[in-house]
Amino acid sequence: MASSASGIDSHRGNEQALSGNGVDSIPPVHRDAVLTLAGDMRISVDRVHKLYCIVLERLSKEARIRDYLPILVTKKVRNLMRKHLEIKDRSAASSRPETIRGLTLDEQS
């Protein structure tokens, strides 16, 4: 994880996001998870951090064994982000007319 985190830290804008959003205030294991997720999904550290903290807070309330929280939270956040990206892709695809052989479906009628 260290190599991913250092690669993300070096991207422009992420240094500012790391210092300004409180990522440093969470334990290192969670910070590493946030940085890895941001890099893997190519989403800003700030957005990942906000969602990660929300999910972490909710899962922490019911967690009996806290050792697995970074794994569980990371999986939940990754799934939520994938669903969000799928919805955005679907809405973008449905808003533009489909083309067949260079003509839109509207032009073929």
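View 1. The model is predicted, with local features requiring pLDDT of at least 70 and side-chain atom pairs counting only at pLDDT 80 or more, whereas totals for chains, interfaces and linings use all residues. Residues are numbered from 1 along each chain as its sequence is written, and side-chain values use heavy atoms, leaving out hydrogens and water. Helices are DSSP runs of H or I with at least four residues, numbered from the N terminus. The surface patch of positive charge gathers Arg58, Lys61, Lys76 and Lys83. Patch residues have over 30% relative accessible area and no salt bridge, with like charges joined within 9 Å; a salt bridge is a side-chain nitrogen of Lys or Arg within 4 Å of a carboxyl oxygen of Asp or Glu.

**View 2. Lys76 belongs to helix 5.** Its relative accessible area of 44% makes Lys76 partly exposed, a class lying between buried (under 20%) and exposed (over 50%), computed with a 1.4 Å probe and protein chains only.

**View 3. Ser60 is located in helix 4.** Ser60 counts as buried, at 18% relative accessibility. Residues up to four places away in sequence aside, Ser60 touches Arg66 and Leu69, where contact means heavy atoms within 4.5 Å.

**View 4. Arg42 occupies the loop between helix 3 (28-41) and helix 4.** Although not a glycine, Arg42 has a positive phi of about 55°. Most residues other than glycine have a negative phi. Arg42 counts as exposed, with 79% relative accessibility.

Notes: Patches are made of residues with over 30% relative accessible area and no salt bridge: like charges are joined within 9 Å, nonpolar side chains (Val, Leu, Ile, Met, Phe, Trp, Tyr) within 5 Å. Accessible areas come from the Shrake-Rupley method with a 1.4 Å probe; for residues, only the protein chains shown count as cover. Lys and Arg count as positive and Asp and Glu as negative; His and the chain ends are not counted. The place of a charge is taken as NZ of Lys, CZ of Arg, CG of Asp or CD of Glu. Helices (H or I, at least four residues) and strands (E, at least two) are DSSP runs, numbered from the N terminus.
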